[in-house]
Amino acid sequence: MKSQIQKLGGFLSGIIMPIIGSFIAWGIITALFIPDGWFPNETFAMLVGPMITYLLPILIGYSGGKLVYEDRGGVIGAIATMGVVVSSDIPMFLGAMIIGPLAAVSIRAFDRAVDGKVKTGFEMLVNNYSLGIIAAILAIVGIVVVSPIVNGFTEIFGSGVEYLVNNSLLFLTSVIIEPAKVLFLNNAINHGVLTPLGSIDVEETGKSILFLLEANPGPGLGILLAYSFFGKGNAKATAPGAIIIHFFGGIHEIYFPYILMKPALIIAAIAGGMSGVFTFSILGAGLVAPASPGSIFAISAMAPKGGLLPVLAGVLVATAVSFLVASIILKASKETMDLDSATKEMEAMKGKKSSVATVLASDKNIKTIVFACDAGMGSSAMGASLLRNLAKEAGMDYLDITNRPLKKLDNKIDLVVTQEQFESTANSFSTDSEKFFVSNFLDKDQYRQLLESIKTRNEE
């Protein structure tokens, strides 16, 4: 179940993440040039409507199609998306996320069905006309089927959100969002669900609180501050560095292992999240576009004119509440909170051999290493960079160390490095590659052991 949810979440975020820059560009234009913006300009503001109505949905449809079937899937996904775009009065982000991948699946199925059956010299004719005909049919399907369904769902969901906002109950979403984040579903929630829905709000009101529900760095900051003051061992020593990466760099994944090491701290995350959202709701806070990554700098940049203080107030309140609750939990704990010890104990309880032992048992040389995470841009980028630097220090520059999303793993990789929460997902995408699972992607000692085992293996 967890693996399937991670796959779905990774797929949804995989559609949005490659084009998140387009959302930010639209948000900047909106914040600057609409009548209530920083520099109102009627001519430049003409970009806002067409971008959210046509450009962004079509980019989503293309991205979703390409994710399934490369460029050919992207093209048919974009064409099919036009059907849902022209038949709706709201930005069709969700419709594009549905019909784009479905269109790519359709053309891929056709291509596989005729593979090897087309006479020589007719390949281009069949390729072009098959895509055109199927795309035309799916664009009509988008108008007749997909658009009404998505419009109905959006209306129901929008009414639910409106009810929560009007009754100051939106803070209850933190009960779901904060635990889901710790399970590394943060990108799926933010970019797969909240970003499309929030963008619809922006068109109507000029800002959306939905962009702040997951991106708020306050709950994580409070927990890391509590570890800095009241933690023990390696956890206390590494927390200050994690604060910089989390709060200023926007990589929220950095604090997840600290909660997993002490699960009771999820209460602090939920309390911080709820108090932050409650503050946002009371003060009317919102952003004009998604903040990606969830850095305080990115969040501040996406605040509307005159709306920065409510946003910062919500972050501050979330931090204070999370810190208070986490401090109580940590001070009451008699356990020695050490990341390395926690990892070893967890492996012993599971009856698992260490990842290093698995690599040592391998009979093949390791040349290519891929660090993978949900979106392939956050923890994996940092982990790969750290591992690459340690490899250079060890004189192992010959290793090709990169990062990518879990869904783009394949069996051509010699070694996959990922966090243990993604074990089943990584195994399903890359069945033949060696695996190395870490509990804390910033733990240099684990990487040094890994590199030493690789060096020994490769020299045999």
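I began with β3, which pairs with strand β4 (residues 434–438) in the parallel sense over 5 bridges. For my own reference, two strands pair if DSSP finds at least two bridges between them. Helices (H or I, at least four residues) and strands (E, at least two) are DSSP runs, numbered from the N terminus. This is a predicted model, where local features need pLDDT of at least 70, side-chain atom pairs count only at pLDDT 80 or more, and totals for chains, interfaces and linings use all residues. Residues are numbered from 1 along each chain as its sequence is written, and side-chain values use heavy atoms, with hydrogens and water left out.

In this pairing, I found Val-416 opposite Lys-435 of β4. Strand β1 (residues 368–373) also pairs with β3 in the parallel sense, over 3 bridges. There, Phe-371 has Val-417 of β3 as its bridge partner.

**Is β3 covered on one face or both?**

Both: Leu-415, Val-417 and Gln-419 are buried on one side, and Val-416 and Thr-418 on the other. Buried means under 20% relative accessible area, exposed over 50%, and partly exposed in between (1.4 Å probe, protein chains only).

**The core**

I looked up the largest nonpolar core and got 109 residues; Val-417 is among those with the most contacts inside it, as are Ile-60 and Tyr-447. Such a core is a set of buried Ala, Val, Leu, Ile, Met, Phe, Trp, Tyr and Cys residues joined through side-chain atoms within 4.5 Å. Helix α3 (residues 48–86) gives the most to this core, with 9 residues. Leaving aside neighbours within four places in sequence, Val-417 is in contact (heavy atoms within 4.5 Å) with residues including Ile-369, Leu-387 and Tyr-447.

**Asp-111**

Next I checked Asp-111, in helix α4 (residues 93–114). Asp-111 counts as buried because its relative accessible area is 13%. Its side chain makes a polar contact with the side chain of Arg-72, at 2.7 Å. A polar contact is a pair of N or O atoms within 3.5 Å; within protein, one must be able to donate a hydrogen and the other to accept it, and residues adjacent in sequence count only if both atoms are side-chain atoms.

I finished with pLDDT, the predictor's confidence in each residue, from 0 to 100. The protein averages 84, and 89% of the residues score at least 70. Over residues 342–354 the pLDDT is below 50.
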